[in-house]
Amino acid sequence: PNATYPEVLSRVEWTMNVLVAQETRTVDVPFKASDQWVELSPGMEILVEQANVEESKYQYRIKVKYDPTQVDYLMIGSIHLWPDEQPPEAAVIKADLLNAEGKLIQNLGGGFGASGTGQQMVGTASGTGMCTTCGEAAIIRYTLASGLHELEARLAVENVPVPHF
């Protein structure tokens with residue numbers, strides 16, 4: 001009980017599993033309402049139900065359906081793997097709204113909810129925004145990672161200050 005805490009830890013080491021991808025690719029979908037489903041990856045399709053642009057304002061609603069054993073929608077959270085469970089073949093890691101010149105208007109990271117059981121998840125991504133200097137919304141760009149696998153990463157930090165209690 002009378003021992004003093006060190007002021008600095010010379011080295012702290014730990015390991016953790018990380019998910020890495022062999023490759024990434026993008027799929028561009030026109031920012032235009034349609035009744036046609038678009039396949040982003042085997043096991044995942046989207047339907048742009050609403051895509052309105054008025055002056056510098058935009059509004060969208062996109063339906064998503066996917067098989068979580070084949071592809072995951074990481075924008076709603078992280079992949080949780082149990083022992084002996086394999087990661088899906090692909091994952092959507094990012095979705096951006098671009099203007100006609102390919103410049104970013106907004107990252108579409110939020111506003112998504114999904115539900116389902118077994119091999120079919122369904123959800124809707126929706127949102128609104130405004131950008132007076134961005135130009136009109138023209139493209140939804142999805143970034144997908146594939147060849148997902150786990151690696152053990154060994155990490156270390158040195159000279160870690162210890163807080164006083």
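Predicted model: local features only at pLDDT ≥ 70, side-chain atom pairs only at ≥ 80, totals over all residues.
**Entry: overall form**

The C-alpha trace spans about 70 × 40 × 30 Å along its principal axes.

I then checked burial and found that 32% of the 165 residues are buried. The accessible surface of the protein chain is about 10,700 Å². Carbon and sulfur atoms account for 49% of that surface.

For contacts between residues at least 6 apart in sequence, I noted that 66% join residues at least 24 apart. I also looked at charges: there are 11 positive and 21 negative ones, and their mean positions lie 7 Å apart.

**Entry: the core**

Which residues have the most contacts inside the largest nonpolar core? I wrote down L40, I62, I140 and Y142, in a core of 29 residues. Several strands supply at least two residues each, among them β2 (23-30), β4 (44-54), β7 (90-99) and β10 (120-130). β5 gives the most, with five residues. As a friendly aside, nonpolar side chains tend to be buried together in soluble globular proteins.

Beyond its neighbours within four places in sequence, L40 is in contact with R25, V27, V29, I46, V92, Y142 and L144. So that I can find Y142 again, I note that it is also on the list of residues with the most contacts inside the core.

**Entry: T143**

Is T143 buried or exposed? I have it as buried, because its relative accessible area is 14%, under the 20% cut-off. T143 lies in strand β11, residues 137-146. Setting aside neighbours within four places in sequence, I find T143 in contact with T24, R25 and T26, and also with A91, V92, I93 and K94.

**Entry: E89**

I moved on to the loop between β6 and β7, where E89 lies. E89 counts as exposed, because its relative accessibility of 58% is over 50%. Not counting residues up to four places away in sequence, E89 touches Q70, A145, S146, G147 and L148. I also checked E89 against H149: they are 60 residues apart in sequence, and their C-alpha atoms are 8.9 Å apart in space.

**Entry: L9 and N159**

L9 is in strand β1, residues 8-20. I marked L9 as partly exposed, since 36% relative accessibility falls between the 20% and 50% cut-offs. Which residues does L9 contact, leaving aside neighbours within four places in sequence? My list reads E158, N159, V160 and V162. L9 and V157 are 148 residues apart in sequence, yet 9.2 Å apart in space, C-alpha to C-alpha.

N159 got a closer look. N159 sits in strand β12, residues 149-161, and is exposed at 57% relative accessibility. Its phi is positive, about 55°, although N159 is not a glycine.

Conventions:
Residues numbered from 1 in each chain as written. Heavy atoms only, no water. Buried < 20%, exposed > 50% of the residue type's maximum accessible area, 1.4 Å probe, protein only. Contact = heavy atoms within 4.5 Å. Areas by Shrake-Rupley, 256 points an atom, 1.4 Å probe, with all protein chains shown as cover. Lys, Arg positive; Asp, Glu negative; His and termini not counted. Charge placed at Lys NZ, Arg CZ, Asp CG, Glu CD. Helix = DSSP H or I, 4+ residues; strand = E, 2+ residues; numbered from the N terminus. Core = buried A, V, L, I, M, F, W, Y, C linked by side-chain atoms within 4.5 Å.
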